[in-house]
Amino acid sequence: MKRKANHAEIHNIFGMENSRATFDGLKKINPAQRPFVLTRASYAGGQRYAATWTGDNSSTWNHLRLTTPMLLNLGLSGFALSGADVGGFAGTPQPDLLTKWLEIASFQPIDRDHTEKGTGDQEPWVGGPEAESIRRRFIEERYRLMPYLYTVAEEIIAHRFAD
């Protein structure tokens with residue numbers, strides 16, 4: 001007799017299984033290409049199938065402060081390829097907040113400036129030439145680090161599928 005699980009028992013596993021299905025489907029469509037799946041809903045083991053981001057955050061100094069501890073904890077939990085919505089998803093960051101967020105994100109595994117519709121612009125060039133110059137310096141630093149980031153990502157991915 002098959003046992004049925006209730007929602008509370010499988011709620012957290014659903015996100016991981018969704019990532020696995022997406023990953024497997026992409027592999028089936030194009031076996032020669034390594035899939036890239038990005039999720040904010042997962043479970044232990046989900047790092048085998050998807051990179052993770054911390055979910056929709058807000059354009060506040062408090063959410064910026066939370067980003068690094070969240071990413072460190074994700075890394076300690078096996079989710080090494082992770083990031084946050086740089087600049088905050090909800091709201092419009094003040095220029096100094098966006099600058100600081102871009103500086104910090106340059107050194108995170110996933111660096112993704114992302115915001116919801118209807119918010120103010122938060123591209124690196126908004127906020128004037130001084131802010132743009134600082135942001136450019138950190139973005140250029142990230143590009144200098146890209147060979148190392150790709151190497152680490154490749155090692156993580158190779159380790160995922162070593163079994």
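Colleague: Why does Trp53 count as buried?

Modeller: Trp53 has a relative accessibility of 13%. Buried means under 20% relative accessible area, exposed means over 50%, and partly exposed is in between (1.4 Å probe, protein chains only). Because 13% is under 20%, Trp53 is buried. This is a predicted model, in which local features need pLDDT of at least 70 and side-chain atom pairs count only at pLDDT 80 or more, while totals for chains, interfaces and linings use all residues. Residues are numbered from 1 along each chain as its sequence is written, and side-chain values use heavy atoms, with hydrogens and water left out.

Colleague: Where does Trp53 lie, and which residues is Trp53 in contact with, leaving aside its neighbours within four places in sequence?

Modeller: Trp53 is in strand S2, residues 51-53. Helices (H or I, at least four residues) and strands (E, at least two) are DSSP runs, numbered from the N terminus. Contact means heavy atoms within 4.5 Å. Outside the four places on either side in sequence, Trp53 touches Leu38, Thr39, Arg40, Gly83, Asp85 and Arg112.

Colleague: What makes Asp85 and Arg112 a salt bridge?

Modeller: A salt bridge is a side-chain nitrogen of Lys or Arg within 4 Å of a carboxyl oxygen of Asp or Glu. The N to O distance for Asp85 and Arg112 is 2.9 Å, so the pair qualifies. The two residues are 27 apart and link distant parts of the chain, Asp85 being in strand S3 (residues 82-86) and Arg112 in strand S4. Asp85 is buried at 0% relative accessibility, whereas Arg112 is partly exposed at 22%.

Colleague: How many salt bridges are there in the whole structure, and what separates Lys100 from Glu103?

Modeller: The search finds 8 salt bridges. One of them joins the side chains of Lys100 and Glu103 at 3.0 Å, N to O. These residues are 3 apart in helix H3 (residues 95-105), which means a separation of about one helical turn. Lys100 is partly exposed at 35%, and Glu103 is buried at 14%. Another pair is Glu9 and Arg3, at 2.5 Å; there Glu9 is partly exposed at 39% and Arg3 is exposed at 61%.

Colleague: What makes up the largest nonpolar core?

Modeller: A nonpolar core is a set of buried Ala, Val, Leu, Ile, Met, Phe, Trp, Tyr and Cys residues joined through side-chain atoms within 4.5 Å. Here the set has 8 residues: Leu64, Val86, Leu97, Leu98, Trp101, Leu102, Ala105 and Val126. Helix H3 gives the largest share of this core, 5 residues. In soluble globular proteins, nonpolar side chains tend to be buried together. Beyond its neighbours within four places in sequence, Leu98 is in contact with Gly87, Pro93, Asp113, Gln122, Glu123, Val126 and Arg135.

Colleague: Why is Val37 called buried, and where is Val37 found?

Modeller: Its relative accessible area is 10%, under the cut-off, so Val37 is buried. Val37 is in the loop between helix H1 (7-29) and strand S1 (38-39). Its contacts beyond four places in sequence are Thr22, Phe23, Leu26, Tyr49, Ala50 and Ala51. From Val37 to Ser59, 22 residues along the chain, the C-alpha separation is 25 Å.

Colleague: Which residues lie nearest the centre of the largest pocket?

Modeller: Phe36, Leu81, Ile110, Tyr150 and Ala153 do, among 26 lining residues. On a 1 Å grid over the protein atoms alone, a pocket is an open set of points where a 1.4 Å probe fits, with protein on both sides within 12 Å along at least five of seven lines; lining residues have an atom within 4 Å of a point. H4 supplies the largest share of the lining, 10 residues.

Colleague: How many residues of the 163 are buried, as a percentage, and what is the secondary structure?

Modeller: Buried residues make up 33% of the 163. The protein has 4 helices and 4 strands, in the order α-β-β-α-β-α-β-α along the sequence. Of the contacts between residues at least 6 apart in sequence, 70% join residues at least 24 apart.
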